[in-house]
Amino acid sequence: MTTTTLTEPETPTAGPRRTRRSKSARAGGHLHAGPITYVILALFTFGSLFPLVWTAIAASRNNNRLAQTPPPLWFGSNLMHNLQVAWSEANLSKALLNTTIVAGISAATVVFLSTIAGFAFAKLRFRGRGALMLIVVGTMMVPPQLSIIPLYMMVAKLNWTDQLQAVIFPSLVSAFGVFFMRQYLLQALPDEIIEAARVDGASSWRVVWHVVFPAARPAMAVLGMLMFVQTWNDFLWPFLVLTQTGNPTVQVALAGLGRGYTPDQSLIMAGALLGTLPLLLVFAIFGKQIVGGIMQGAVKG
């Protein structure tokens, strides 16, 4: 005796629609943003640009107008005058040159040394690798203010006060840069490529130059930009070892603007605007490559 079971017919519409949606999502279909997304992006954009715009507005006014309530919300007619006064009083021509030298050398050296050290910690096997990496990461937990006094004593004994090397040498290495490049190379550089280069007879330096550096180029661009901006904006250590009349950096030169019984806020804002424009110019020129490097690194990771 055989029994037959009746099954309910499947709905023909639910399955194909769901399959079609999942296939389009997996295929990378375009996602359309709604009005709420544009509102949120507009608010974030406005919040990011407002400090820069306000600096330019304040630099175009005079000190009396900035002290009034409500503050000005549009540009005035004193921008060029304040920029010229700030440029001459702070000696920004020399300060910009010094800061470009310091930031450029520091960023290039940090990127070069951090890439080599990151490759060693990520792909080479040697005794004490874990302990050394732990020490490198541990130095990031120490506040930099604790090293100012012994570092200043060393600089004074070397007679480097008011000289650029006093600012350059302490910033030639970075524990963050080593950790950053190690984490990137762990994912972006397969071991098979290194082994293939070894089989072809490549030495260690040839592997670094022809394999590691091309693979790490996106991360190197990001790290170089971060180190350049950090060194450019550094204030405490350059303020201690440099003078405003000798070899000032931008931040040291700007510290002397607007001094007096009543600080001239418009003059200070004009100097801050001049000190910020080179960073904006660098990002405008190399921003596409840096963002492309970040995206390339994200895809590889």
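In the predicted model, helix 2 bends by about 40° at Phe50, and a proline, Pro51, follows within four residues. Helix 2 comprises 25 residues, numbered 35–59. From its first C-alpha to its last, helix 2 reaches 35 Å, which is close to the 36 Å expected at 1.5 Å a residue. Buried residues of helix 2 include Thr55, Ala56, Ile57, Ala58 and Ala59.

A packed pair of helices is described by two quantities, the angle between the axes and the distance between them. For helix 5, which spans residues 92–123, and helix 11, which spans residues 204–215, the axes come within 11 Å. These axes cross at roughly 105°. Because angles of 65 to 115 degrees count as roughly perpendicular, helix 5 and helix 11 are described as roughly perpendicular to each other. On the side of helix 5, the contact is made by Phe112, Thr115, Ile116 and Phe119. Helix 11 contributes Trp205, Val207, Val208, Val212 and Phe213 to this contact. The contact residues of the two helices divide into eight nonpolar and one polar, with no charged residue among them.

Gln183 is located in helix 9, which covers residues 175–188. The relative accessibility of Gln183 is 34%, and this residue therefore counts as partly exposed, since that class lies between the 20% limit for buried and the 50% limit for exposed residues.

Notes: Residues numbered from 1 in each chain as written. Predicted model: local features only at pLDDT ≥ 70, side-chain atom pairs only at ≥ 80, totals over all residues. Heavy atoms only, no water. Helix = DSSP H or I, 4+ residues; strand = E, 2+ residues; numbered from the N terminus. Expected span 1.5 Å × (residues − 1). Bend = angle between axes of the 7 residues up to and from the residue. Buried < 20%, exposed > 50% of the residue type's maximum accessible area, 1.4 Å probe, protein only. Axes fitted to C-alpha atoms, helices over the stretch in contact; angles between N-to-C directions. Parallel < 35°, antiparallel > 145°, perpendicular 65-115°, else oblique. Contact = heavy atoms within 4.5 Å. Nonpolar A, V, L, I, M, F, W, Y, C, P; charged D, E, K, R; others polar.
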